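Subject: Structure handover

Hello,

Here is the structure you will be working with. My notes follow below it.

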Amino acid sequence: MSLPTPSTSVRAVSSAPKRSAASLLLSLALLATAGCPEEPPPSPRYHATIRRTAHGIPHITAPNFGSLGFGQGYAFAEDHACTLADQILKVRGERARFHGPGPGDAHIASDFAWRALDLLARGKANLEKQPEDSQQLVQGFADGYNHFLGSDGASKLPCAGQPWLRPITPEELTAYHINITLTASSYRLTPFIAAAQPPGSQGILSVPDTLPSLSSEGLASNGWAIGAERSANGRGMLLANPHFPWEGELRLWESHLTVPGQLDVYGVSLMGAPGVLLGFNQDVAWTHTFSNGARFTAYLLPLVPGKPTHYLYNGEERQMTSRSITLQVLQPDGSLREVTRDAWSSHHGPIIALPGLGWSESFAVSYRDTNLDNTRFISQYLGMGRARSLQQFQEVFSKEQGILWVHTMAADREGNVWYADASPTPNLSATALTQWQQALANPSSPQSLLLAQGVVLLDGSNSDSEWVEEPGAREPGLVPFSRMPQLSRRDFVFNANDSHWLSNPASPLEGYSPLHGRERVSQTLRTRMNAVQLTEVGEGGSSGPDGLFTLEELQTSVLSNRGMSAELLRSQVAERCQANPSGTAREQSVDLSQACAVLAAWDGRYDASSVGAPLWRELMGVYGVPALLDAGSLFSTPFSPEQPIATPHTLAPASAEDPLLDKLAEAVLRLRDADIALDAPLGQVQFSPRGSRFPLHGGTDVDGTANVVKYRELKSTLDTTTPRGTVVNAQTGLSTNGYVVNYGTSFLMALRYTDDGVEARAVLTYGQSEDPSSPHHDDQLTLFSQKQWRPILFSERQIVEDPALNEYTVSLQ
């Protein structure tokens with residue numbers, strides 16, 4: 001963050017000096033002799049007060065929503081102007097103009113795809129459809145961002161002087177917001193839009209080998225809403241634990257927004273998004289987790305023989321449409337070269353070339369996106385922030401239906417809790433669902449192969465597969481809010497990225513479309529760990545012997561670093577290992593004596609000091625995630641939908657050539673490959689290199705911890721990705737540099753309502769600023785690495801009493 005200097009539009013706050021009576025009389029006399037005073041200057045168009053408290057958290061107060069957006073846009077630009085500038089360049093389709101074609105023509109592909117989606121035109125149309133207060137917020141945010149770019153502070157930005165760091169329009173900002181809504185859909189498909197050209201075309205871009213995954217192994221999170229029956233003080237509580245990237249545009253940024261009498265909300269938002277996307281006000285608190293439901297459907301189109309741009313639909317021939325797109329590409333000599341190609345669409349939407357299912361003479365693939373025309377994103381979250389009760393909060397969902405791609409867990413001060421997966425979902429007929437599920441019965445069918453990558457592929461040759469229009473939906477073809485999975489309780493609701501099914505295990509949600517998510521299937525280890533912590537009651541349990549959570553118990557629970565796979569199997573594995581401490585891997589015998597002793601002594605936790613955690617992680621990684629979901633080589637008792645949290649369990653029986661010991665031998669060798677000792681503490685080998693080396697606690701998918709830290713390349717910004725050594729085990733993230741972390745627990749918040757208001761604690765792991773020279777670039781990573789929290793300053797008294805308070809105003813005529 002670059003602190004502003006006093007000027008006509010950014011003014012330092014100070015107290016006016018006291019004046020004597022004589023001084024006042026002299027002033028009046030001078031006025032009398034000077035004639036009539038000049039007209040006062042006009043009121044500024046925007047005026048906002050920004051108060052930065054400890055760790056650089058901005059508390060922004062303004063008289064209206066335009067000024068609020070102005071203040072938030074200005075404060076955001078102080079911390080992350082470069083990220084938004086990069087993303088605006090992306091959605092404008094101009095990366096190649098400023099950065100050249102990119103590795104493997106990556107910038108050309110990106111520009112072509114985003115231009116094909118026509119986000120700039122959609123942004124203009126979207127902004128015009130938004131309510132007045134939302135328009136003011138967006139316009140103000142863009143103007144506040146631009147105002148900072150014109151200040152002295154902009155010269156200190158990491159990207160200062162770059163030609164692509166330039167003012168933005170509210171229409172461009174709205175286009176970027178559409179990009180945010182597409183994170184679980186078109187965002188994933190841009191390489192495949194760019195690669196889709198008719199067979200025989202010149203200059204076809206290569207199709208990536210895999211589809212980027214945003215499943216529980218991609219974007220993830222834990223969210224708990226605790227009600228009166230499980231709260232120590234009988235009021236609502238919330239635990240927010242999103243797992244997001246620590247770099248790129250999917251980072252979170254924290255702020256507190258106030259329009260007196262209209263809005264007082266605190267929380268985090270994604271880069272460049274006005275308002276608060278996850279947070280609380282005086283009456284309602286909410287959090288989100290990523291939903292694995294379908295945000296788009298793909299369509300397999302049979303083509304007319306000899307006509308690769310014509311397809312059959314309901315027995316009739318239809319012609320695809322095309323639009324010519326011309327890009328400017330920077331050349332090594334500084335000149336610009338034009339590149340032109342066509343973007344193709346069916347009546348469903350853009351044509352895409354998917355891995356293993358490209359555009360051939362016989363078939364093409366198209367898709368339809370649920371969020372491409374979502375005009376309610378900003379008004380959805382603005383309404384949530386203004387809700388004064390859980391009922392009003394739910395009414396916002398019913399009215400706006402602009403939620404992104406997330407589950408929602410909410411609690412109010414009266415101790416009511418609510419879960420919903422209100423993400424926009426295609427509304428398919430029973431016929432379409434039956435045909436799709438019949439195709440899935442064949443494991444080698446295109447439908448089965450693509451579902452493994454999160455794609456629902458339908459028969460695009462007939463109208464049976466069209467989305468069904470139904471009253472009450474945000475737009476034709478979506479499931480209306482009244483038919484989305486939701487549950488109200490007084491004890492708790494939660495989600496850890498499995499489906500809606502077990503948002504409270506005592507009240508399973510069943511009978512919904514499979515496009516919302518699967519029901520009565522094995523849950524991930526992390527979901528099971530969350531459920532165990534929420535349901536166990538007793539000495540040593542997460543909520544103690546009384547089963548009633550305190551704020552401190554919420555904090556302790558999420559950072560307890562208990563591993564579900566270890567709790568299920570560790571003692572049995574150690575016992576079998578000690579009985580026969582030898583295994584075979586890579587055609588060599590491996591002495592397991594030390595490995596057995598390490599696992600026997602380990603407490604099953606993933607703290608920085610834990611000895612044994614790396615070895616166990618590698619053992620589970622050798623087995624792989626599928627083995628953790630049902631009976632087989634690892635578990636003997638299979639998954640049962642009647643006992644979904646307890647099963648599968650119990651170590652599979654030993655065989656003549658025990659695969660367990662051989663797999664443990666392989667785990668030992670993998671640690672040797674990374675030059676890691678078997679008794680190395682986890683924090684010695686698991687770390688973030690952000691600024692300096694921070695030893696970290698936490699686990700991964702195979703560990704089954706609530707607190708997740710790992711390595712994940714999930715960003716579209718062009719800044720440098722955190723480096724790591726040669727990968728030894730992709731399943732666990734082990735590299736020759738150890739376990740390098742650039743993803744996982746991002747914003748941690750534990751909150752409870754009290755008779756006096758709100759008490760909350762938090763940590764934003766990677767800090768508020770993208771600038772490596774800022775003190776707020778990694779200050780909170782120090783807190784996180786030590787399991788420390790900071791108090792959230794929400795009341796006026798808390799803010800004004802903060803020793804780190806820095807207050808300034810921003811305004812624009």
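The buried residues of α5 pack against α2 (65-92), α4 (106-116), α6 (132-149) and α7 (170-181), with contact meaning heavy atoms within 4.5 Å. This is a predicted model, in which local features need pLDDT of at least 70, side-chain atom pairs count only at pLDDT 80 or more, and totals for chains, interfaces and linings use all residues. Residues are numbered from 1 along each chain as its sequence is written, and side-chain values use heavy atoms, leaving out hydrogens and water. Helices (H or I, at least four residues) and strands (E, at least two) are DSSP runs, numbered from the N terminus.

Helix α5 covers residues 119-129, and its buried residues are L119, G123, N126 and L127; buried means under 20% relative accessible area, exposed over 50%, and partly exposed in between (1.4 Å probe, protein chains only). They lie on the same side of α5 because they cover an arc of only 95 degrees around the axis, taken from the directions from the helix axis to the C-beta atoms. An α-helix has 3.6 residues a turn, so residues three or four places apart point the same way. E128 and K129, on the other side of α5, are exposed.

Now the strands. Strand β3 (residues 57-61) has 4 of its 5 residues buried, so it is largely enclosed by the rest of the structure. Strand β2 (residues 46-53) runs antiparallel to β3, joined by 5 bridges; two strands pair if DSSP finds at least two bridges between them. T53 is opposite I57 in β3. The hairpin of β2 and β3 has 3 residues between the strands, and H55 there takes a positive phi near 70 degrees. With strand β6 (residues 252-259), β3 pairs in the parallel sense over 3 bridges, and H59 stands opposite H256 in β6.

Regards
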